[in-house]
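Hello,

Here is the structure I promised to send over. Please open it first, then read my notes on the salt bridges below.

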Amino acid sequence: MKKLFVSIILFVTSFGFSQDWNYNFDEAKKSAAEQDKNIIIVFSGSDWCAPCIKLDRNIWQSDAFKKEAVQDWIIVRADFPRKKANELSKEQTEHNRKLAEKYNLEGSFPLVVILDKNGKVLGKMGFKNVSPEEYIKMIHAFEKK
């Protein structure tokens, strides 16, 4: 019974710290315009790209980033998994491919693209081995240019 109670508490509290990742860029752009927020697109290979996995674990899952993202950004994940078990729907795969054709022609992974609410690119960066707070500062630096 005690284990069940602890599991329920952990499950419920995880919602307080969960991120609102978008997977549809058009919907994200609409939300950004409505909320007057910039957009961050994260191009990732979640099951094969070591720097992508590290970026997710060290930055995206950090409390500092989650708090900042809720306040300041609309975040979009464009994932390109390779393992069959993690395969996305055909529609999502095609959506991500089209997004990459527009914002990630280099085919870089991970790639973080910072856009204004209208979709204009403000800056791009990849993995940086820094604290979440430093990474957040780097994102904000693109917004001030």
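How far apart are glutamate 101 and arginine 97 in helix α5? They sit four residues apart in that helix, which spans residues 90-103, so about one helical turn separates them.

Keep in mind that this is a predicted model.

Now the pair itself. The side chains of glutamate 101 and arginine 97 form a salt bridge, at 2.1 Å from N to O. Glutamate 101 is partly exposed, with 45% relative accessibility. Arginine 97 is also partly exposed, at 35%.

Helix α6 (residues 132-143) holds another pair. Glutamate 134 and lysine 137 are three residues apart there, about one turn of the helix. A salt bridge links glutamate 134 to lysine 137, and their closest N and O atoms lie 3.5 Å apart. Glutamate 134 has a relative accessible area of 37%, so it counts as partly exposed. Lysine 137 counts as exposed because its relative accessibility is 53%, and the cut-off for exposed is over 50%.

Some bridges share partners: Glu94, Arg97 and Glu101 are joined into one network this way.

One more pair to find: glutamate 87 and lysine 84. Their side chains meet in a salt bridge, 3.8 Å from N to O. Glutamate 87 is exposed, at 54% relative accessibility. Lysine 84 is exposed too, at 67%.

Why do such pairs form at all? Side chains of opposite charge can pair when their charged atoms come close.

As for the total, a search of the whole structure gives seven salt bridges. Among them are the pairs described above.

Best wishes

Notes:
Residues are numbered from 1 along each chain as its sequence is written. This is a predicted model: local features need pLDDT of at least 70, side-chain atom pairs count only at pLDDT 80 or more; totals for chains, interfaces and linings use all residues. Side-chain values use heavy atoms; hydrogens and water are left out. A salt bridge is a side-chain nitrogen of Lys or Arg within 4 Å of a carboxyl oxygen of Asp or Glu. Buried means under 20% relative accessible area, exposed over 50%, partly exposed in between (1.4 Å probe, protein chains only). Helices (H or I, at least four residues) and strands (E, at least two) are DSSP runs, numbered from the N terminus.
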